[in-house]
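Please view the sequence and structure first, then read the notes by topic.

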Amino acid sequence: MKKNIITLIIAVFIGGSCSSQNNKANTNLSLSDHKATPETVFLYKKLNKLSQKGFLFGHQDDLAYGVKWKYEDDRSDIKDVVGDYPGVYGWDLAGLEKDSPNNIDGIPFTKMKQYIEESHQRGGITTISWHFDNPATGKSAWDNTPNSLKTILPGGENNQKFTVWLDKAAAYLLSLKDKKGKNIPVLFRPYHELTGGWFWWGKGNCTPEEFKAAWKFTFEYLQKKGVHNLIYVYNTSSFNTKEDFLAHYPGDNYADMISFDSYQNNDDKEGQKFITEVQNQLKIINEIGIEKHKLIAVAEAGYEAIPDPKWWTGTLLKAIGDYKISYVLLWRNHGWQEKEQKMHYYAPYTGQISEKDFVDFYNLDKTLFEKDINKN
């Protein structure tokens with residue numbers, strides 16, 4: 001009997017220590033910005049907690065426009081379909097660096113600020129990318145002239161120009177405030193899709209060391225300007241190995257979340273290639289996330305014009321599988337593209353072929369939208 005009691009005590013002790021280790025694995029998250037605002041720290045912990053229950057659904061430019069509408073109060077293609085907003089809203093800073101009143105998608109920065117503040121008030125979460133122009137050539141982000149990135153580094157001929165751009169970004173990020181005047185936390189995703197060669201900061205256009213230096217310079221400069229409401233998201237396009245994913249990684253003290261972007265293409269109508277790629281990449285970043293205590297996400301995804309009526313439950317859900325990702329963000333619902341003569345959207349709208357399946361997707365326990373954020 002005594003032996004059984006001792007065994008029970010040992011079992012309870014071991015179980016307790018295992019449990020605390022598991023909890024530690026889930027909660028041993030700390031932001032890379034040691035001066036992060038309490039609201040930013042709270043959001044980071046909230047994202048971790050939510051990822052244990054399911055994943056947040058996000059949508060780019062969701063409140064600004066949709067298919068066949070623009071700038072209508074409280075409107076969203078997602079809300080039209082399911083009666084709820086996305087949990088995550090994606091926006092872009094491009095245009096700010098050249099003092100444009102509108103961003104790269106034509107949205108006035110004043111409106112973008114209004115949408116960020118309105119969605120935050122409801123409990124929504126903001127993520128921001130930055131398709132900034134090539135500082136070396138003055139052309140767009142897609143001008144991948146080699147060696148452009150190194151010109152923004154300290155001592156480079158465009159470093160001063162770039163710091164002015166960062167000043168403008170800092171001012172805008174600090175202007176995002178809640179009703180109490182507190183800075184709204186933002187998932188900041190600079191230098192995105194860095195393993196692709198199509199942007200001036202991408203693979204092949206700079207060395208890994210140059211990229212890391214640019215990331216660290218950006219990170220440190222924004223903090224020096226008093227920006228402490230950012231959760232930094234490291235983001236790649238496709239990759240095959242852990243080494244590939246981490247080749248440009250600036251270090252655990254400079255990133256809070258790791259992610260990648262992945263799209264289904266028309267040569268993959270059944271979605272098998274997309275499912276396999278996302279699963280393979282999630283397996284890799286999940287291991288890295290556990291090892292480095294980082295949240296993980298699919299920062300951009302989609303299938304243009306969603307021709308598959310069962311895409312949400314039949315493809316996207318299978319691609320994510322059981323991995324505990326923080327969020328998946330679908331790209332924007334631009335609508336008709338005159339130049340390309342085609343429809344360009346990635347989320348359903350009323351009457352779209354995948355609408356019914358999206359409602360089924362929405363009703364799953366593991367898919368989290370804006371209303372779910374406040375419940376958990």
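Two residues are said to be in contact when heavy atoms lie within 4.5 Å. The model described here is predicted.

**Helices α9 and α10**

- Two packed helices are described by the angle between their axes and the distance between the axes.
- The axes of helix α9 (residues 311-320) and helix α10 (residues 355-362) come within 8 Å, and they cross at roughly 55 degrees.
- The two helices, α9 and α10, are therefore oblique to each other.
- On the α9 side, the residues that meet α10 are W311, W312, T313, G314, L316 and L317, and their partners in α10 are D357, F358, D360 and F361.
- Sorted by class, this contact of α9 with α10 has 6 nonpolar, 2 polar and 2 charged residues.

**Helix α4**

- Helix α4 (residues 109-122) has 14 residues, which should span 20 Å at 1.5 Å a residue; the C-alpha atoms at its ends are 20 Å apart, in agreement with that value.
- Its buried residues are F109, M112, Y115, I116 and S119.
- After α4 comes G123, which has a positive phi near 110 degrees.

**Helix α5**

- Helix α5 has 17 residues, and the distance from its first C-alpha to its last is 24 Å, close to the 24 Å expected at 1.5 Å a residue.
- The buried residues in α5 are N159, F162, T163, W165, L166, A169, A170, Y172 and L173.
- The cover over the buried residues of α5 includes α4, β5, α6 (208-224) and β7 (230-236).

- Most residues other than glycine have a negative phi.
- Y71 has a positive phi near 50 degrees, although this residue is not glycine.
- Y71 is located in the loop between β3 (69-70) and α3 (77-82).
- Because its relative accessibility is 26%, Y71 counts as partly exposed.
- D74, also a residue other than glycine, has a positive phi near 60 degrees.
- The loop between β3 and α3 is where D74 is found.

Conventions. Residues numbered from 1 in each chain as written. Predicted model: local features only at pLDDT ≥ 70, side-chain atom pairs only at ≥ 80, totals over all residues. Heavy atoms only, no water. Helix = DSSP H or I, 4+ residues; strand = E, 2+ residues; numbered from the N terminus. Expected span 1.5 Å × (residues − 1). Buried < 20%, exposed > 50% of the residue type's maximum accessible area, 1.4 Å probe, protein only. Axes fitted to C-alpha atoms, helices over the stretch in contact; angles between N-to-C directions. Parallel < 35°, antiparallel > 145°, perpendicular 65-115°, else oblique. Nonpolar A, V, L, I, M, F, W, Y, C, P; charged D, E, K, R; others polar.
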